[in-house]
Amino acid sequence: MTEAAYGSGKRSLGVRRTVNTKFVPPVRRDDEDEYGGELMRRCMPQASGKGRGVDEESPYAYLMTDDRLKNIDIKMVELIMNEIMDNGPTVTWDDIAGLDLAKTTIQEIVVWPMLRPDIFTGLRGPPKGLLLFGPPGTGKTMIGKCIASQSGSTFFSISASSLTSKWVGEGEKMVRAMFAVARCHQPAVIFIDEIDSLLTQRSDTEHESSRRIKTEFLVQLDGATTESEERLLVVGATNRPQELDEAARRRLVKKLYIPLPEEKARQQIIEKLLSNQSHSLGESEVQQVCQQTNGYSGADMANLCREAALGPIRSINFADIHHISIDQVRPITVEDFIKALSIIKPSVSDRDLQLYEDWNAKYGISA
Ligand code: ADP
């Protein structure tokens, strides 16, 4: 996964902070009107946390009095709140270039129902599972975040491969704890990146712990689906949809293809990234660059811009770097982009694209 060029603020599970490091409140607890106040009201004690081995000093002790977290280890809750609950900057639909049909479909089928559950009942009831599939770096994570931001939901984001690799032996508990904490923070969006590594077709060589994580995940997903009162949406993202098994395809009811950006979308990406930089590209030059980026993903475009932005820096004399003032750095030019085009190449092959198209024709919803 490529790091966000703008706006993702995504955390990488387990990298930045552990349960043992200093606590940073995930919500503003001094402001009752903020989301924190709402959370406190929803999860305030009906019963005391005493007697459950809950450390009263824990910043999350108040959460542990919620029955939905019964039998969940507070250390796990802390881990989820610190590492998986995402409080990064919000993402708007305008931050995501192109993908107009996908965006409209998502608004209709998931965002509005999350905003107005009273209207979207019965036949209009929202799906509880959504699959975003397509090449890497096309905005699937951005969309997951945007759904959460735009529906006023709490965003939980985890990479499925970390459940099987990083949290060996704990993955199953993590899954259970994550759903339990998400239930306390409804409406919530649980975004699972690389979901194929979790819900892959079974093989004889499958590890016992992976099998248990998968079973737990399916149980939780089914729970979220049958409890119509619950406002939980599971969004899975994958670059390898063909590896998902039948059980996964059935549960992630809506499958939405997130394709490579078209020329106009690529132009939007460049313009947005250049908007806060000093550059000399006119509209026709931006178009000229875009015409040469057929097959580039959104992430490739961001990399291209980063590479071009280094052009002016490379033209500075190394000895001058210490004292040069910022306005002596020359603007980014179209020549910088032309050079960058020879370095940054499209990351998705034609063969892979064909696989996505085929899978979309078979399982995707038309969007
Ligand atoms: P994915 O989850 O599909 O692998 P991401 O959502 O993580 O891709 O996108 C990676 C980065 O690529 C983003 O942070 C952004 O800089 C850029 N990007 C990808 N798609 C788009 C898009 N449609 N609009 C704007 N930026 C995009």
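Author: Numbering starts at 1 along each chain as its sequence is written. The model is predicted, so local features need pLDDT of at least 70, side-chain atom pairs count only at pLDDT 80 or more, and totals for chains, interfaces and linings use all residues.

Reader: Why are α9 and α10 called oblique to each other?

Author: The axes of α9 (residues 263-274) and α10 (residues 283-291) cross at roughly 125° and come within 9 Å. Axes are lines fitted to C-alpha atoms, for helices over the stretch in contact, and angles run from 0 to 180 degrees between N-to-C directions. Under 35 degrees is roughly parallel, over 145 roughly antiparallel, 65 to 115 roughly perpendicular, and the rest oblique. The pair is therefore oblique.

Reader: Which residues of α9 and α10 meet?

Author: E263, R266, Q267, I270 and E271 in α9 meet V286, Q287, V289, C290 and Q291 in α10. Contact means C-beta atoms, placed from the backbone, within 7 Å.

Reader: Which residues of α3 are buried?

Author: A102, I106, V110, V111, P113 and M114 are. Buried means 20 or more other C-beta atoms within 10 Å of the residue's own; 12 or fewer is exposed, in between partly exposed, with C-beta atoms placed from the backbone. Their cover includes β2 (129-133), α4 (140-150), β5 (232-238) and β6 (254-257). Across the 367 residues of the protein, 41% count as buried.

Key:
Helices (H or I, at least four residues) and strands (E, at least two) are DSSP runs, numbered from the N terminus. Two residues are in contact if their C-beta atoms, placed from the backbone, lie within 7 Å.
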